[in-house]
Amino acid sequence: MLIRKPSDILPSEITPEATYRDRRTFLAAAGGLLAAAALPLKAKGAQGSGANLGPLQKSPLSTSETPNTYAQVTQYNNFYEFGTGKDDPAREAWRLKPRPWEVKVTGLCAKPRTFGIEELLKLAPLEERIYRMRCVEGWSMVIPWVGFPIKALLDKVQPLGSARFVAFFSADRPDQMPGVRLPVLDWPYLEGLRLDEANHPLAILAVGLYGQILPNQNGAPIRLVAPWKYGFKGGKSIVEIRLVKDQPWTSWAKANPNEYGFYANVNPNHDHPRWSQKTERRIGELLRRPTQMFNGYGDQVAHLYRGMDLDTYF
Ligand SMILES: Nc1nc2c(c(=O)[nH]1)N[C@H]1C(S)=C(S)[C@@H](COP(=O)(O)O)O[C@H]1N2
Ligand SMILES: [Mo]
């Protein structure tokens with residue numbers, strides 16, 4: 001029989017929405033989101049997953065847009081390993097055991113090795129990165145991630161000249177992930193980036209959000225975030241990172257190559273075959289807003305795609 005520990009119960013199940021809002025207002029008044037990391041553990045446990053990750057560097061790469069609430073970020077999710085409904089991950093992901101955890105870094109590198117999660121948390125200074133996130137389905141959020149550049153990890157293993165792509169494998173644990181017992185996708189969930197995309201300063205491995213360790217439903221204990229791409233590129237609960245020569249056959253591209261490309265750059269000018277990508281609904285807002293090329297990160301990433309036809313390489 002499965003018994004839920006108090007720490008498994010979502011704060012939303014015990015904290016009325018008004019209390020959240022008050023706490024958010026208080027935090028804002030106390031000097032911004034980073035104040036969250038300075039609060040005593042007890043107060044923080046009431047807001048989120050518990051252990052805080054402070055002290056955090058503020059990043060110039062953060063957006064100044066208002067983040068979605070902790071409740072929105074942790075209760076409206078895609079994580080098909082726990083079911084295809086938006087509320088399935090928040091309800092089911094307590095089954096995942098994110099500790100102990102190891103990430104194998106393999107393939108075309110001089111120093112392949114396995115990293116424990118505690119080591120990954122100390123690999124590079126943790127930064128708060130407040131990013132706009134855009135799902136291919138047409139909704140968006142602003143999420144205050146905590147993480148470090150993927151490049152910091154890749155530098156440790158020294159990619160060979162023959163490595164051109166990086167493949168990210170998510171955990172595939174039928175005993176903890178009820179969704180992988182169904183052939184919804186080709187498990188394990190596999191995503192990938194070109195090596196130069198992975199080395200871009202905006203591309204991070206996230207280990208937390210809102211100053212605290214990552215909730216299971218958001219991809220604990222470590223997940224990929226590339227904010228200029230559609231959300232599905234951000235594989236959750238990563239167990240292996242493999243440097244490879246050829247473009248990986250990623251899970252969504254394999255499931256439907258006409259609808260989900262490998263590049264998956266946010267592009268309002270390339271519609272999904274079944275819907276327009278010109279606008280999006282920010283979770284919590286009523287009116288749709290225009291979608292920006294590269295999700296608004298064009299100044300920083302457009303050079304990666306110079307000379308490429310983004311309609312062909314969507
Ligand atoms: N392993 C895995 N990673 C995944 C998914 C998934 O189903 N399985 N869904 C993706 C999609 S479609 C989106 S939009 C984002 C959502 O991340 P969030 O729930 O933390 O906002 O996770 C991505 N990463
Ligand atoms: Mo998505």
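Tyr263 and Tyr305 are both buried in this predicted model. Their rings form an aromatic pair. The geometry is edge-to-face, with 6.2 Å centre to centre and 90° between the planes. Tyr263 belongs to the loop between helix H10 (251–255) and strand E12 (279–282), whereas Tyr305 lies in the segment after helix H11 (298–301), so the pair ties together parts that are 42 residues apart in sequence. In total, the structure holds twelve aromatic pairs. Tyr263 and Tyr305 also belong to a cluster linked by ring pairs.

Arg113 places its charged end over the ring of Phe115, 4.0 Å from the ring centre. Arg132 lies over the face of Tyr297. Here the distance to the ring centre is 4.6 Å.

A polar side-chain atom of Asn77 lies 2.8 Å from an oxygen atom of ligand 1. In the side chain of Glu81, an N or O atom is 2.7 Å from a nitrogen atom of the ligand. Gly234 contributes a polar backbone atom, 2.8 Å from a nitrogen atom of ligand 1. On its own, ligand 1 has 530 Å² of accessible area, and the protein covers 96% of that area.

Definitions and conventions:
Residues numbered from 1 in each chain as written. Chains lettered and ligands numbered in written order. Predicted model: local features only at pLDDT ≥ 70, side-chain atom pairs only at ≥ 80, totals over all residues. Heavy atoms only, no water. Phe/Tyr/Trp six-rings, centres within 6.5 Å; stacked < 30°, edge-to-face > 60°. Helix = DSSP H or I, 4+ residues; strand = E, 2+ residues; numbered from the N terminus. Buried < 20%, exposed > 50% of the residue type's maximum accessible area, 1.4 Å probe, protein only. Lys NZ or Arg CZ within 6 Å of the ring centre and 35° of its normal. Polar contact = N/O pair within 3.5 Å; in protein donor to acceptor, adjacent residues only side chain to side chain. Areas by Shrake-Rupley, 256 points an atom, 1.4 Å probe, with all protein chains shown as cover.
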